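Please read this briefing alongside the sequence and the model.

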Amino acid sequence: MARTGRPMPLLTLTEDERDTLQRWARRAKSSQALALRCRIVLACADGLARKDVAEKLRVDPATVTKWRSRFVRNRLDALVDEPRSGRPRSVTVDQVEDVIVTTLEQTPRNATHWSRTSMAQKSGLSRSTVGRIWRDFGLKPHLAETFKLSTDPLFVDKVVDVVGLYHHPPERAVVLCVDEKSQIQALDRSQSVLPMMPGMPERRTHDYHRNGITSLFAAFDVADGTVIGELHRQHRAAEFKKFLITIDKTVPAELDVHLVCDNYGTHKTPAIRAWLAKHPRFHMHFTPTGSSWINQVERWFGFLTDQMIRRGVHKSVQSLEKDVRAWIADWNTHPRPFLWTKSAEEILDSIARHCRRISDAGH
């Protein structure tokens, strides 16, 4: 006879408990940790088996067992934090919910975001208690990140096209991510840089002298990580055409060339279209508007900026261009391709989930 294992404790909900769990789970701005715990308990209360709950919510079965058992023992309080030995907890679940909801849905009267001090004054709890609640539920009011959703009507088609090139490049062809890093400034600090010493970081003045600008046209080979680079003082379709000619001379004639570009106007002028018509081995693939993250050369530009440009000191444009060319040459001696892991379906699913969340939040 097959072993059935230890039976799971019976889980039933009162009407008040179910209403509270559904409110916490549905609130668009709820802590994700709390919302997930509520969904686990609700699914178990609906009679789903542990394996089915885990599969539905994409969690480990052990996580389902953990929060199901805790809820049976301590009800709603169990979802806020694990019971600990020692002095009984003096903060109630309602106080914790109030801190979380206030943090997510309100702002202080005289600030753009909450601090531990302002939240302590608002909630009547101590600063350390507010800090623990925020830490337990992954809330960091002092941090903010940027984002932008593309409004390109062909967004899905372009994502599928570009990501398809990364995962399944055509045979007898090279895939190049192309873009321009425009207006790179040759900056010289107003005073000499003080070198790093033990116990003291490198120091530089906050002001600087501008000594001119240049623009870097780059093509990143997604297969081997090598880069074709070219510097120009101007950033026009004429310079982009020159760069295409450089690519044409560099890539072996027997290979097709697939270029991943953004929607900048210089990539679509009549002169560029005419040149491409005369060179049928070139195929253009455009990223969605406002989605530079999908172009791998942008990541390479990040390396260049961090390792050479940002802290570089250049008294002339010629000096800057010399250093950029040397950096590219050094990169190409040991190139490093990037590993693109996300499929187009995973990217689109992630964006769809984000859109649903901000839509539920009323934005």
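Two residues are said to be in contact, or to touch, when heavy atoms of theirs lie within 4.5 Å. This is a predicted model, in which local features need pLDDT of at least 70 and side-chain atom pairs count only at pLDDT 80 or more, while totals for chains, interfaces and linings use all residues. Residues are numbered from 1 along each chain as its sequence is written, and side-chain values use heavy atoms, with hydrogens and water left out.

**The chain as a whole**

- The protein chain has 14 helices and 5 strands, where helices (H or I, at least four residues) and strands (E, at least two) are DSSP runs numbered from the N terminus.
- The radius of gyration of the protein chain is 28 Å, whereas a compact globule of 363 residues would have a value near 21 Å; the radius is taken over C-alpha atoms, and the globule rule is 2.2 Å times the number of residues to the power 0.38.
- Along its principal axes, the C-alpha trace of the protein chain spans about 75 × 60 × 40 Å.
- Of the 363 residues in the protein chain, 38% are buried, with buried meaning under 20% relative accessible area, exposed over 50%, and partly exposed in between (1.4 Å probe, protein chains only).
- The protein chain exposes about 22000 Å², of which carbon and sulfur atoms supply 52%; accessible areas come from the Shrake-Rupley method with a 1.4 Å probe, and for residues only the protein chains shown count as cover.
- Among contacts in the protein chain with a separation of 6 or more, 68% are between residues 24 or more positions apart.

**The pair α7 and α8**

- Two packed helices are described by the angle between their axes and by the distance between the axes.
- The axes of helix α7 (residues 116-123) and helix α8 (residues 127-136) come within 8 Å and cross at roughly 105°; axes are lines fitted to C-alpha atoms, for helices over the stretch in contact, and angles run from 0 to 180 degrees between N-to-C directions.
- Helices α7 and α8 are therefore roughly perpendicular to each other, on a scale where angles under 35 degrees count as roughly parallel, over 145 as roughly antiparallel, 65 to 115 as roughly perpendicular and the rest as oblique.
- From α7, the contact is made by Arg116, Thr117, Met119, Ala120 and Ser123, and from α8 by Arg127, Ser128, Val130, Gly131 and Trp134.
- By class, the contact of α7 with α8 has 4 nonpolar, 4 polar and 2 charged residues, with Ala, Val, Leu, Ile, Met, Phe, Trp, Tyr, Cys and Pro counted as nonpolar, Asp, Glu, Lys and Arg as charged, and the others, Gly among them, as polar.
- Gly131 of helix α8 is buried, with a relative accessible area of 11%.

**Positive phi in loops**

- Most residues other than glycine have a negative phi.
- Arg58, in the loop between α3 (50-57) and α4 (61-74), has a positive phi near 60° and counts as exposed at 73% relative accessibility.
- Arg172, in the loop between α9 (155-167) and β1 (173-189), has a positive phi near 50° and counts as exposed at 59% relative accessibility.

**Residues in and around the strands**

- Ser291, found in the loop between β5 (282-286) and α12 (296-309), is buried with a relative accessible area of 2%, and, leaving aside neighbours within four places in sequence, Ser291 is in contact with Ser150 and Phe155.
- Val227, in strand β3 (residues 227-232), is buried with a relative accessible area of 6%; not counting residues up to four places away in sequence, Val227 touches Ala218, Ala219, Phe220, Trp300, Ile328, Trp331 and Asn332.
- Arg233, in the loop between β3 and α10 (237-250), is partly exposed with a relative accessible area of 45%; not counting residues up to four places away in sequence, Arg233 touches Ile213, Thr214, Val317, Gln318 and Glu321.
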